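Hi,

Here is the structure I promised to pass on. Have a look at it first, and my notes on the helix packing and the cores follow below.

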Amino acid sequence: MLPNVLQPSATDHVPVLADEVRELLELHPGDTVVDATFGAGGHASVLAEDLRGQGKLIAIDRDPNVRPYFERLRRRLGVQARFLRGEFSIVLGQLAANDVRADAILLDLGVSSMQLDRPERGFSYATDAPLDMRMDPGSEPSAAELVNEAGERELETIFRRYGEERYARQIARAIVRRRKSQPFGRTGELVDTIRAAIPAPARFGDGHPAKRVFQALRIAVNDELGELERALPAAVQMLRPGGRIAVISFHSLEDRAVKHFFREEERGCTCPPDFPVCVCGNEPVLRVLTRRAVRPSAAETSVNPRAASARLRAAEKA
Ligand SMILES: C[S@@+](CC[C@H](N)C(=O)[O-])C[C@H]1O[C@@H](n2cnc3c(N)ncnc32)[C@H](O)[C@@H]1O
């Protein structure tokens, strides 16, 4: 019997923008699909259905706790399925280097409900738990290490850049002051320090006062933007001509990175705009399928409020 924390639960499976992803990836029987952010397998399950019993699913995730979800899905699927644990930037690069080709690749970025809702993973400001936030519990640093060891300036930059936190400086200063006498070990300690560091009126507006700092720490701990920037070229290299990539992001920095990458790969030519003719000879690599990011419908966000900030972009390999 699996321990409770590893047991799939009903609320784990609410794939965001699932119909839109399915339409954009346009899978056919016999295709190979890579779900680079397997999570609880919600998208993988929907996409594998389109293979109609013929084809291959490659599932990637850095979190070892998703394996039972994969095993359960594999038993149900009529297609070949493999699970590869690791960072998607590395795994996609290794697959591409080994000439494994895909017809469709999905990246559904960020944390899963499963990670957020399990207090012991330390992602949530709502319950007191160890301050961890690692998607891969074997990686470094944990959120506690980052909060206890990073310089005040670095913490401020993290909170401002990844969390758009107005009181980044005050919070960073309060953290550094407190850790001199008592290092942080638990989410509750960090929440109390954030609350005390910001002006009283700000403690009540715009959601929980620790929301933005927790988001920022999570992005930094898991190097989420670095992972995305390294993964996109590897994913495109893995695609067969005509193959498609879809990326769901939940943060404007991620969405911007995807938009710019797709645009550059569609442009191909890297000559300065004032050159009369192309001398670089670079051909377009992608054709963008979503001029504007696709956003969830009101109907979707009413049943799954976590979908509200999702943005989907997709492109096809030329
Ligand atoms: C939003 S969830 C995916 C949910 C999934 N689409 C579903 O329908 O159940 C993101 C998942 O991707 C994983 N993940 C995020 N960044 C990753 C990375 N750089 N490498 C590998 N896995 C990553 C997380 O551990 C998490 O399980």
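One term before the rest: contact means heavy atoms within 4.5 Å. Helices (H or I, at least four residues) and strands (E, at least two) are DSSP runs, numbered from the N terminus. This is a predicted model, where local features need pLDDT of at least 70 and side-chain atom pairs count only at pLDDT 80 or more, while totals for chains, interfaces and linings use all residues. Residues are numbered from 1 along each chain as its sequence is written, and side-chain values use heavy atoms, with hydrogens and water left out.

Let's start with α2. This helix (residues 42-49) is mostly covered, with seven of its eight residues buried (under 20% relative accessible area, 1.4 Å probe, protein chains only). Those seven are G42, H43, A44, S45, V46, L47 and A48. The cover over them includes α1 (18-25), β1 (32-35), β2 (56-61), α3 (67-76), β4 (102-108) and β5 (239-249).

Now for how α1 sits against α2. Their axes (lines fitted to C-alpha atoms over the stretch in contact, with angles from 0 to 180 degrees between N-to-C directions) come within 10 Å and cross at roughly 45°. The two helices are therefore oblique to each other; angles under 35 degrees count as roughly parallel, over 145 as roughly antiparallel, 65 to 115 as roughly perpendicular and the rest as oblique. On the α1 side A18, V21, R22 and L25 make the contact, and on the α2 side H43, V46, L47 and E49.

A second pair is α4 (residues 88-97) with α11 (residues 224-238), whose axes come within 8 Å and cross at roughly 20°. That makes α4 and α11 roughly parallel, therefore, to each other. From α4, F88, S89, L92, G93, L95 and A96 meet E227, L228, R230, A231, A234, A235, Q237 and M238 of α11.

Last, the cores. A nonpolar core is a set of buried Ala, Val, Leu, Ile, Met, Phe, Trp, Tyr and Cys residues joined through side-chain atoms within 4.5 Å. The largest has 37 residues, and L131, F159, I171, I175, L190 and L217 have the most contacts inside it. At least two residues of this core come from each of α6 (143-149), α7 (152-163), α8 (168-181), α9 (187-197) and α10 (211-221). Leaving aside neighbours within four places in sequence, I175 touches V147, L155, F159, F184, L190 and T193. Another core, of 32 residues, lies apart from the largest one and has L17, L77, V79 and L106 among its members.

Cheers

Technical notes. Buried < 20%, exposed > 50% of the residue type's maximum accessible area, 1.4 Å probe, protein only.
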